[in-house]
Amino acid sequence: MAVTDTLREILAKAEAELTQLDSTAALETLRVQVLGKKGELTALLKSLGQLAPEERPIVGAQINDARAQLQTLMDAALLRVQAMERETALRSETIDVTEPRPLPGIGSAHPITLVMNDLIECFTGMGFEVLQGPEVELDHYNFELMNIPKNHPARDAQDTFYMDDNVVLRTHTSPMQARVMLSRKPPIRIVCPGRVYRADEVDATHSPVFHQMEGLVVDEHVTMSDLRGTLDAFAKHMYGPDISTRFRPSFFPFTEPSAEVDLTCSACHGKGCRICKDTGWIEVLGSGMVNPKVLEMCGIDSTRYSGFAFGIGLERLAMRRYGIHDMRLLYEGDARLLQQLR
Ligand code: PHE
């Protein structure tokens, strides 16, 4: 009978092909070709109508048997080709772990961090302790206890961001002086590095967020020569033995007397150049003897104790040291800046 023959042929051909198969894609093609909606078995089913009515159920059953049989064979073939494919993939994807690869990009600590760490090393070496204080600060510590009352003109120079009338972003690290004096007894020897804020426009030398490191020493018999000696040691630690300090009279409400401190220009060693505007000196910090009024406000007996304080601007040190001419480069996060420091 023609249909039965065709059926046998289809079966034989499919079985032969199945043993040859080497990919899941080829198996799928074969499945569609034989069992699919337009496949060979389906076509055969459709041709049942041409048979004598009594033959139809018999041949129909044969076709269904063949379909089941093929399905089983294909399921088995699928497992086999999947295993083959996995094997090939594993073999082609082996990794030679000994092959040398280019190194990943290595960054560096940020210039501000580098300078800060160096300062910490310098001052801890002289017996200072490192403390950190809040960046969101009470007006009371930032201004009042620093002898800058409301409406004092010194507030103008340190205009800041007010959270409300009593809470500001600290304009300097000096409020830590008050926090420490109020919570400890002399002798006090501390440095406080950290972020500070002022309502300044961004330009090559200004940023509304920058960094300072406060220093405070309070003890019996502390004099201005202790301040000078300490800052001289700092200057030499940072820039080398031929660097000295120069004190210029200045004013800060919380120190009396006060001084701006310049260091020998490290670019020209004091001869005068473009960087120091031909003066031979670079201004790096504000300092002075702690105002007795501040000592008293913070509960320290100013007849027995005296102290000195200083505030170092870290941006300026970092820019000097690494030859960075625009402060904005420090905050833009361009990795090329760090790569140059490696
Ligand atoms: N707080 C001062 C400023 O930000 C610097 C300073 C600190 C001056 C300590 C004297 C003593 O300008």
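## Cavity and salt bridges

The largest cavity holds about 40 Å³ of space. A cavity here is a set of points on a 1 Å grid over the protein atoms alone where a 1.4 Å probe fits but cannot get out; its volume is the space filled by probe spheres set on the points. This is a predicted model: local features need pLDDT of at least 70, side-chain atom pairs count only at pLDDT 80 or more, and totals for chains, interfaces and linings use all residues. Residues are numbered from 1 along each chain, and side-chain values use heavy atoms, without hydrogens and water.

Tyr-239, Leu-263, Thr-264, Cys-265, Ser-266, Ile-282, Val-284 and Arg-320 line the largest cavity, each with an atom within 4 Å of a point. Strands β7 (255–264) and β8 (281–290) each give two or more residues to this lining; strands are DSSP runs of E, at least two residues, and helices runs of H or I, at least four.

The structure holds 21 salt bridges, each a side-chain nitrogen of Lys or Arg within 4 Å of a carboxyl oxygen of Asp or Glu. Three of them are listed here.

| Pair | Closest N and O atoms |
|---|---|
| Arg-31 and Glu-28 | 3.0 Å |
| Glu-99 and Arg-101 | 3.4 Å |
| Glu-283 and Arg-316 | 3.8 Å |

Glu-283 in strand β8 and Arg-316 in helix α11 (residues 314–322) are 33 residues apart, so the pair links distant parts of the chain. Shared partners join Arg-246, Arg-248, Asp-262, Glu-283 and Arg-316 into one salt-bridge network. Arg-31 and Glu-28 both lie in helix α2 (residues 24–35), three residues apart.

Technical notes: 1 Å grid on protein atoms, 1.4 Å probe; cavity = no way out; pocket = protein on both sides within 12 Å on 5 of 7 lines; lining within 4 Å.
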